Amino acid sequence: MMNSPSSNPCIDEVGGIAPAAHVPASRSAWLAVSSIAVGTFAMVSTEFMPIGLLTDIARGLNVSDGTAGLMVTMPGVLAAFAGPALIVASGKLDRRTVLIALTTLLIASNLLAAFAPNFATMLVARLLLGLCVGGFWTFAPAAATQLVPHASQARAMSIVLAGVSAATVLGVPAGSFLGTLFGWRASFAVTGALAAIVLLVQLWLLPAMPPARAIGARDLLTPLTRRMAQVGLLAVLFFIAGHFAAYTYLKPLLQQVFGLAPNAVSTLLLVYGAVGFVGTFLGGSLVARSVRGTTLLAALMLATALLLSTLIGTGFVPGALVVVIWGVAFGLIPVALTGWMMEAVPDAPEAGQALLVSGFQVAIASGALIGGVTVDSFGISSAMVLSGVLVLIAALIVGTLGRSRGTAPMAAIPE
């Protein structure tokens, strides 16, 4: 295990532990970062499970596809409040304890979903997940970057956020595959078992991470006083709402618009996750050079994929082209937006992440809701067009209001 945090790193201004800038990260430090990445993988697999199983769950619980989209909306609503609330409620509680508690909650959510007798019970399971999502995204990125020297923070963040892409590479396609073979309940049961393994891994590898001091409600206002944090939060609302208004219905898009068979859909979901995984590590490198440039690139790529899906025709090749562009953009998104907030508020990383989580989850909930209404009323293609327009607005915000931000990359920001 690592040395005690107080024995090596210096302490930042707002709760958190900033490692010494020029001390090389130890092997145990990178193992600790990897354990957080494993937790990310398990959580995101659960969060996005309904994407690959949407139509199956809707039929199994006797609801429409649009109503089934609430499985994405409801966790987002709760997570928006959970992030800031948990960071204040946790006080000076060891961040290791917090992350382990959130993983335990993840296990409970999966098991309840696996045995849900009706849609109301499923929504309760997804609300439990909302607590987990809000808390995990608030604590995990800052914890990972605190475990390594400043020059390695972008790499540590990309490793943790690679769990997002790894979950889409393995979690979502595997969930869809298991759902096809054994039913959607088996997918949640297997993910619950995986989360239990993750819990054991975290108990073994995650070091103690006591914060310097408790973070109060007033500390959460710090990011709101920074102009570039304000710009980032505004861009997040359009960016993520646009993404999830479309992403919630990725499987129906491939089936109904591109006319693909179930096996082809499962293959493209796997391709989506694989290129997203590559995009995440590419994003870690790009963010270290320019957070603004990486964010703008992700927005333009995503808008291109969404609008192209309505124009390119049907079949496997057009569907694959859209999926590849979309997947790379997806890989860039979490790294770019997390990097933006950490660069905008380097002296209050957990407070910045708490508000980013709130913005993220409000946008996820709004996007999924807007997407559901649009799909039920006008069809999937209309939802893709609406989503593309929302993402283009985010690109405009980043390209104009974001111009005045500093040009220093993450690794160059002084502690």
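The structure is a predicted model.

Side chains of opposite charge can pair when their charged atoms come close. In this model the count of salt bridges comes to two. One of them joins Arg59 to Asp56, with 3.2 Å between the closest N and O atoms. Both of these residues belong to helix α2, which covers residues 49-60. Arg59 and Asp56 are three residues apart there, about one turn of the helix. Arg59 counts as exposed because its relative accessibility is 59%, above the 50% cut-off for that class.

Asp56 also meets the side chain of Lys251 in a salt bridge, at 3.1 Å from N to O. This pair links distant parts of the chain, since Lys251 sits in helix α10 and Asp56 in helix α2, 195 residues apart. Lys251 and Asp56 are both buried. Through shared partners, the salt bridges join Asp56, Arg59 and Lys251 into one network.

**Helix α10**

Helix α10 runs over residues 250-257. Six of its eight residues are buried, so the helix is largely enclosed by the rest of the structure. The buried residues of α10 are Leu250, Lys251, Pro252, Leu253, Leu254 and Val257. Just after the helix, Gly259 adopts a positive phi of about 65°.

Most residues other than glycine have a negative phi, and most peptide bonds are trans. Asn62 is not a glycine, yet its phi is positive, at about 60°. This residue lies in the loop between α2 and α3, the latter being residues 65-68. Asn62 counts as exposed because its relative accessible area is 69%.

Ser64 is found in the loop between α2 and α3 as well. With a relative accessibility of 33%, Ser64 counts as partly exposed, because that class lies between the 20% and 50% limits.

**Packing of α11 and α13**

Two packed helices are described by the angle between their axes and the distance between the axes. Helix α11 spans residues 262-287 and helix α13 spans residues 316-344. Their axes come within 7 Å and cross at roughly 35°. The crossing of α11 past α13 is right-handed. In the contact of α11 with α13 there are 18 nonpolar residues, 10 polar residues and no charged ones.

**Residue pairs and their separations**

Glu350 is part of helix α14, residues 349-378. Its relative accessibility is 2%, so Glu350 counts as buried. Asp219 lies in the loop between α8 (184-205) and α9. Asp219 counts as buried too, because its relative accessibility is 13%, under the 20% limit.

The remaining pair takes Ser64 back to Leu54.

| Pair | Separation along the chain | C-alpha separation |
|---|---|---|
| Ser64 and Leu54 | 10 residues | 9.6 Å |

**A nonpolar surface patch**

Which residues form a nonpolar patch on the surface? The patch is made of Leu234, Leu237, Val362 and Leu401, and together these residues have about 290 Å² of accessible area. Leu234 lies in helix α9, which runs over residues 227-247. Leu234 counts as partly exposed because its relative accessibility is 34%. That value also passes the cut-off for patch residues, because they need over 30% relative accessible area.

Key. Residues numbered from 1 in each chain as written. Predicted model: local features only at pLDDT ≥ 70, side-chain atom pairs only at ≥ 80, totals over all residues. Heavy atoms only, no water. Patch = residues over 30% accessible without salt bridge, like charges linked within 9 Å, V, L, I, M, F, W, Y side chains within 5 Å. Areas by Shrake-Rupley, 256 points an atom, 1.4 Å probe, with all protein chains shown as cover. Salt bridge = Lys/Arg side-chain N within 4 Å of Asp/Glu carboxyl O. Helix = DSSP H or I, 4+ residues; strand = E, 2+ residues; numbered from the N terminus. Buried < 20%, exposed > 50% of the residue type's maximum accessible area, 1.4 Å probe, protein only. Axes fitted to C-alpha atoms, helices over the stretch in contact; angles between N-to-C directions. Left-handed = near helix turned anticlockwise from the far one by under 90°. Nonpolar A, V, L, I, M, F, W, Y, C, P; charged D, E, K, R; others polar.
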